[in-house]
Amino acid sequence: MPDLSRERLRAFVDAPAFHRAVIAVITLNGITLGLETSPDLADRYPVAFLVIDRVIIAIFVVELALRIAAHGKAFFRDPWNWFDLIVVGMALVPASESLSILRLFRFLRVLRLISVVPSMRRVVSALFTALPGLASILALLLLSLYMAAVIGEQLFREAAPQYFGNLGTSLFTMFTVLTVENWPAVAEDVMAKEPMAWIFFAAFIVITAFFVLNLLIGVIVSAMETEVNASRWKEDQALELEQHNAVMGQIRALSEKVDLLTANLAALSAARAAPEDERELLPTDVVGDGVVSRDA
């Protein structure tokens, strides 16, 4: 009976309607937190905001309690569930004047949308999966940025000291060029005294903005594809398991019927093979709608 109750509870918390209700509460929480930043509204409706905040926290606590009761120890194996526990747990900590920084953690509750919405969760999981590859590409990007800053400082220190006067200024200038934001102004100022400087800027933009950044995007996209394929594989495995269980259930039912039929046939054969005086009265045979006795 407890297992049956847990199965019902698990079906309830895993139902799409339950997830939609949680998403609606999180969205409402985000809206109220945004409205609370308005001084006029905060001064006019302080009690209403406080009541809404307490009700939303209570809903979150009940939701987590139901999920823990439904999934048991399996609940704590999912890192996203730990994220939910931490966010809701910080909301339960009273924020006094000395701990006013804890009031800012209330805005983290909106981030629970990531753990509740599967598509968002897949995107974040893909980003974490891509971190090893991203680290190598970011190192290559930083190396390119550093080398360009050193070369630019050596080449254009006299021509444009405001951009390449020292290594720090040169690094900031090349980072600005890397973002492809207002880089023509930098190039024009340098080219006013060094006409061939366009080769330096063009080569840097092609190498970093086109090659390295596109490589970075490619790694992220590849990680997202892997995450989506893994998710689909799990769904396919769950569907195959469900179909397998259904087929095995049908096979077991047929096997039981075959065993019962075999037992009946064996009993009937044994009864017919017995001497006439030892035969028990057998049931009559049914042929069509009529009844025919065995003596006939």
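Which element gives the largest share of the lining of the largest cavity, and how many residues does that share hold?

Analyst: The model is predicted, and what follows is computed from it. H2 gives the largest share of the lining of the largest cavity, with four residues.

The structure holds one cavity of 30 Å³ or more. The space in this largest cavity comes to about 30 Å³. Its lining consists of Asn29, Thr32, Leu33, Glu36, Phe49 and Asp53. Two helices each supply at least two residues of that lining: H2, which spans 16–36, and H4, which spans 46–71. By class, the lining residues of the largest cavity divide into two nonpolar, two polar and two charged.

H2 and H4 also take part in the largest pocket, where each supplies at least two lining residues. Helices H5 (79–92), H6 (112–116), H7 (118–129) and H12 (197–273) likewise supply at least two residues each to the pocket lining. The volume of the largest pocket is about 1000 Å³. Its lining has 26 residues, and those nearest the pocket centre are Asp14, His19, Asp78, Pro118 and Arg121. Here the largest share, six residues, comes from H12. The pocket lining divides into ten nonpolar, six polar and ten charged residues.

Leu140, Leu143, Tyr146, Met147, Ile151, Leu155, Leu167 and Leu215 make a nonpolar surface patch of about 720 Å². Helix H8, residues 131–156, gives the most to the nonpolar patch, with six residues. Ile151 is placed in helix H8.

The record can be set against these parts. An unreviewed UniProt entry places the feature "transmembrane region" at residues 47–70, 82–105, 125–151, 163–185 and 197–224.

To return to the part you asked about: the largest cavity holds about 30 Å³ of space, and H2 and H4 each supply at least two residues of its lining.

Conventions
Residues are numbered from 1 along each chain as its sequence is written. This is a predicted model: local features need pLDDT of at least 70, side-chain atom pairs count only at pLDDT 80 or more; totals for chains, interfaces and linings use all residues. Side-chain values use heavy atoms; hydrogens and water are left out. On a 1 Å grid over the protein atoms alone, a cavity is a set of points where a 1.4 Å probe fits but cannot get out, and a pocket is an open set with protein on both sides within 12 Å along at least five of seven lines; lining residues have an atom within 4 Å of a point. Grid points are joined across faces, edges and corners, and a volume is the space filled by probe spheres set on the points. Ala, Val, Leu, Ile, Met, Phe, Trp, Tyr, Cys and Pro count as nonpolar, Asp, Glu, Lys and Arg as charged, and the others, Gly among them, as polar. UniProt positions are given in the numbering used here, feature names are shortened, and annotations may be inferred rather than shown by experiment. Patches are made of residues with over 30% relative accessible area and no salt bridge: like charges are joined within 9 Å, nonpolar side chains (Val, Leu, Ile, Met, Phe, Trp, Tyr) within 5 Å. Accessible areas come from the Shrake-Rupley method with a 1.4 Å probe; for residues, only the protein chains shown count as cover. A salt bridge is a side-chain nitrogen of Lys or Arg within 4 Å of a carboxyl oxygen of Asp or Glu.
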